[in-house]
Amino acid sequence: MAAGDKWAPDPRSAEEIRRQIRELAVSYVPEWKFSEENPDIGSIIGLIYARQTEETLRLFDRSFSGLRTAFADLMGMGLRPARAAQSIVVMKAQDKSGAAVGKGTRLTARTKDGESLIFETMHDLFVSGVSLTDLVEICCEHSSIRSYLGEMKERMPFPLPADRGQTEEGREIWKQELVIYHGYLFDRAGMQVGIRFAGGKSARELAALFSDKDRYRFLYDSGIGLTEVEQVKREGDRIVLRMERSFDRRPSEGAKTGALVLHQLIPDGEISIRSVELFGDAGRRVAEYISDDTFEQETDCFRPFGEELALYRECYIGQDEVFSRKGALIELEFALSFEEKRFALRREEEEKPLPLIRKIPRYQEDVRPCVCMAEEVGFAYFNGMGWKSLHPEGRPELLFGAREHGGKQRLLFYAPHDWQALQMGGYKGRCLRLQILRSDDCYMRPAVHYIPVIRDLQIGYRYEGQTIKPDGLGRLCGARYEDLMPLLQKGVLCPAFLPFPYTGNALYLGFDQAWRQGPVSLYFELCREEEQEGRISWEYSTGSGFQELWVRDGTGNLSHSGIVMFEPPSDMKQAELEGVWRYWIRLRDESGSRKEPGSFRRLIRTILPGAVQVHNVETAAAEDYYIDTVLPDMQFPLYGDNLLEAEVWVNEKRRLARPEMEEMLKKRPDMVQAEYDSRGEISAFYVKWEEADHFLEAEGGKRLYQIDRINNRLLFGDGIRVRIPRDTRDTAFRVIRRSCRGSLGNVEAGSIDGFYGNVLSVREVENPVGGFGGSDLERTEQALRRSSHLISGRRRLVSEYDYVREALGFSEDVAQAACICGVDRRGRIREGQIHLVILMKDYRAGMHSFYRLRRELKDALQKQCELDCRDGLSIEAPDFVEVSLELWLHVPDIRAGISVRQRYLERIRQYLEPGRGPGQGRQIGEFPTEEQIRMMLHGLEQECYVDRYAITAARRDKDGVHEMPFEKAAGNPFAVCCNGTHQIYVRGGTEDAE
């Protein structure tokens with residue numbers, strides 16, 4: 001007869017009752033034939049019985065609701081008042097001076113239909129011009145410092161890519177890096193560099209340590225950012241590196257370039273060094289510039305002294321990159337050959353005109369020509385003032401003086417430290433000059449000149465047998481950079497890597513200035529809301545460290561979005577954190593355990609200063625009431641809809657003596673109000689009375705009143721068990737009404753946008769959170785259900801169903817409730833633990849309404865539950881398990897693909913959505929099986945069929961999103977199945993639609 005505590009009337013009509021009599025007559029009295037067309041006496045009695053039974057059922061159905069209501073009235077059950085919607089408003093000051101906004105300040109909002117509403121602030125607030133400029137998280141467990149907001153960047157004396165260390169979870173500030181500078185060793189492809197460290201450990205130990213790729217790595221600037229060195233190997237006490245990329249870098253004014261970075265991956269404590277030695281081998285290059293005295297020549301094949309040998313003929317070979325390697329061993333390797341060229345006469349004889357009569361021929365045919373070669377060649381370089389001799393190894397000055405010298409040749413010399421660049425035509429750089437110093441008979445005729453020809457010139461350098469000092473050495477520790485070169489030059493032991501300087505895990509909020517007055521607030525909006533393990537302590541910076549900050553934490557240790565309010569301390573001062581000076585507030589995680597860096601910031605979406613909680617309450621001006629005659633059970637009208645409460649101040653001036661009034665003014669100033677006349681005498685003395693649900697248990701002449709919220713009336717007692725107003729000469733009592741707009745106050749985010757009046761120093765008002773928790777006056781059905789729960793449980797909570805009924809009857813905003821005893825969320829046995837899991841109807845809008853309801857519901861439950869259960873009672877939100885479907889459909893007509901896809905999507909969402917009430921849809925802890933989902937998919941459409949489908953599940957908790965096989969999602973009594981992300985692909989014939 002009843003289902004889910006709701007009366008189900010008997011819907012049978014007289015016709016149905018007659019049909020049942022006809023069916024039963026066959027089994028009861030087989031020889032009797034019940035007939036309506038030709039009724040006998042028995043049939044007539046049956047027809048009369050059917051009509052009377054129908055009338056009785058209708059009468060009983062109509063009377064039951066009235067009887068139930070009357071019974072609830074006898075128990076003193078009344079309708080619960082409307083609940084005012086709440087929201088959070090963020091205010092911004094007009095300037096740095098700020099503005100004070102008192103409790104009860106009115107703000108305006110508009111609904112979707114354009115209706116105007118009033119909201120009031122629930123707390124005092126000082127809206128300051130202080131800005132949150134920096135947000136830094138320090139994780140000691142992982143030696144990590146991440147900056148999410150502000151200008152805390154690496155302080156490097158040379159340019160690096162702007163995105164260095166930037167990730168989706170912020171910029172990683174903490175780095176342990178040793179930066180080695182050199183002008184040319186680290187910037188060319190194929191460069192091979194050796195490094196030897198010496199210091200607190202031996203060179204061999206340091207080489208083994210720094211070459212461990214799991215603990216350290218070498219980086220260099222490849223032109224596209226810092227790139228890891230491609231080849232790293234240890235050779236004895238050296239580390240040999242080879243860089244495969246190059247970047248043609250031009251030094252900027254006053255900046256160092258050419259940096260090799262040794263990056264520490266795992267903290268190793270303090271590691272000190274005393275010296276750094278470099279060794280280089282750069283491979284080979286081609287010449288950048290070749291020129292003889294007159295013309296520039298090709299670099300792959302050229303005649304260094306032109307087409308004719310002559311004294312002091314010159315050749316210039318330019319290769320600035322190689323020749324700039326000071327102290328390096330320069331190697332020129334080439335293929336040398338000689339080209340024969342004959343000259344018959346001297347130039348002046350050839351140009352002289354012939355006489356008319358020749359007596360003697362110009363030359364004799366039997367004269368042998370002279371052989372001419374470059375017997376001696378000099379080498380020189382430019383030192384800024386002139387050309388200075390250079391002496392390669394061996395005797396290279398004779399290299400071009402004999403034809404047997406042809407073939408592969410090599411020149412070796414050390415690059416001078418004073419070699420300077422010069423301008424040669426269109427080329428500017430360092431050049432090697434070759435000059436003919438001796439060439440016998442080079443001007444004789446006839447002659448044969450053997451012209452040198454050079455092919456495949458390769459120029460390289462290396463540092464065999466010698467070391468190179470770095471141009472600079474620096475240490476980057478976090479955001480602090482320190483130049484170590486002065487210590488290195490003195491040979492002093494200096495720390496290259498330091499231990500992590502912080503302890504514990506904390507989030508630092510940096511502000512540009514201190515607050516002048518309070519209270520001030522911060523609104524924390526979280527990406528997801530879940531219970532956090534451990535406690536978060538709040539601290540602020542002073543001149544000598546951090547001190548504890550007392551806060552009113554509305555986030556439950558960052559378990560959910562909310563407001564944190566505090567009074568600004570007077571001794572708050574700037575402090576330095578990684579080179580940045582700010583007014584810091586520190587959130588320290590006392591649990592001391594984080595699975596990965598960025599745990600704080602992963603929870604927080606935004607932090608907004610100047611936030612205050614508001615509610616949709618409109619406070620009316622005080623109204624004075626008068627009485628002519630004092631009577632028991634007096635009633636007075638109260639005006640306004642959705643009445644929340646009424647403060648009743650009763651004038652007791654004529655009932656209290658002067659000493660009594662003075663004593664009450666002294667001890668209870670918040671509960672009394674006195675008015676004085678011109679002589680300083682008390683003319684009226686108002687005492688604040690208390691609202692009561694009923695007067696049945698009142699005794700001792702208490703000051704009580706009742707409010708009938710259905711009829712909007714104020715009720716007083718009989719004057720015997722409780723007091724009643726008795727002043728008939730003056731104001732009897734004064735009433736201050738507070739009302740709301742119920743569910744209409746659940747406005748959208750951004751709807752609260754101004755003040756009701758002028759607040760000049762605040763320039764902007766906005767609610768980042770929509771209104772939540774607003775409800776109208778309790779419906780009669782809900783009150784009757786609550787009364788049945790009260791009768792069934794006898795005002796006690798004993799069974800699991802008692803807790804569920806009480807939660808469902810407490811508020812219409814509760815969609816589902818489940819009571820789980822003796823186990824926790826991880827399935828561990830916990831004796832004496834009672835977990836009441838609550839699913840709100842607006843759970844997709846956030847958990848604000850849940851956390852508001854939780855406090856009130858827990859107080860109500862603890863008053864009724866057994867004494868030994870109060871400490872073990874917890875009210876929790878469910879674990880949301882998102883089920884996602886990927887579905888492939890085939891339809892005969894692809895034109896219907898979009899509508900079919902939409903119908904499937906709506907059906908899937910409806911099927912997986914949690915029920916909006918008990919017995920409606922899927923409940924807490926219930927999960928569909930794969931077979932049920934398959935039947936739902938195959939039974940939806942007749943004109944298409946399912947090719948295949950895939951089901952996945954994901955659970956969200958404090959550690960992130962965890963994907964799991966669908967078959968493992970069930971079995972958690974704390975979990976609720978809800979919709980994830982669904983993908984449906986539709987195809988028909990050869991065409992596809994997504």
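Predicted model: local features only at pLDDT ≥ 70, side-chain atom pairs only at ≥ 80, totals over all residues.
A residue counts as buried when its relative accessible area is under 20%, as exposed when that area is over 50%, and as partly exposed in between. By that rule N557, at 22% relative accessibility, is partly exposed, whereas L558, at 2%, is buried.

**Backbone geometry**

- Most residues other than glycine have a negative phi, and most peptide bonds are trans.
- Against that background, N557 has a positive phi of about 60° although it is not a glycine, and L558 likewise shows a positive phi of about 60° without being a glycine.
- N557 lies in the loop between β39 (551–553) and β40 (562–566), and L558 is also found in the loop between β39 and β40.
- A cis peptide bond, with omega of about 0°, links R445 to P446, and P446 is placed in the loop between β30 (431–438) and β31.
- A cis peptide bond with omega of about 0° also joins G518 and P519, where P519 belongs to the loop between β35 (505–511) and β36 (520–526).

**The four-stranded sheet**

- Four strands, in the order β47-β53-β52-β51, make up an open sheet whose pairing is mixed; its edge strands are β47 (635–637) and β51 (690–691), each of which pairs on one side only.
- Strands of a sheet pair through backbone hydrogen bonds, either parallel or antiparallel.
- β52 (residues 704–708) pairs with β53 (residues 713–715) in the antiparallel sense, over three bridges, and among the bridge partners across this pair are D708 with R713 and Q706 with L715.
- β52 and β53 also form a hairpin with four residues between them, and N712, in the turn, has a positive phi of about 55°.
- β51 and β52 run parallel and are joined by two bridges, with E691 standing opposite Y705 of β52.
- Because four of the five residues of β52 are buried, this strand is largely enclosed by the rest of the structure.

**Strand β31**

- R462 and L329 are 133 residues apart in sequence, yet their C-alpha atoms are 5.3 Å apart in space.

**Surface patches**

- I41, I44, I45 and I48 form a nonpolar patch on the surface, and together they have about 370 Å² of accessible area.
- I48, one of the members of the nonpolar patch, is located in helix α2 (residues 41–74), and I48 counts as partly exposed because its relative accessibility is 34%.

Terms used
Residues numbered from 1 in each chain as written. Heavy atoms only, no water. Pairing = 2+ DSSP bridges. Patch = residues over 30% accessible without salt bridge, like charges linked within 9 Å, V, L, I, M, F, W, Y side chains within 5 Å. Areas by Shrake-Rupley, 256 points an atom, 1.4 Å probe, with all protein chains shown as cover. Salt bridge = Lys/Arg side-chain N within 4 Å of Asp/Glu carboxyl O. Buried < 20%, exposed > 50% of the residue type's maximum accessible area, 1.4 Å probe, protein only.
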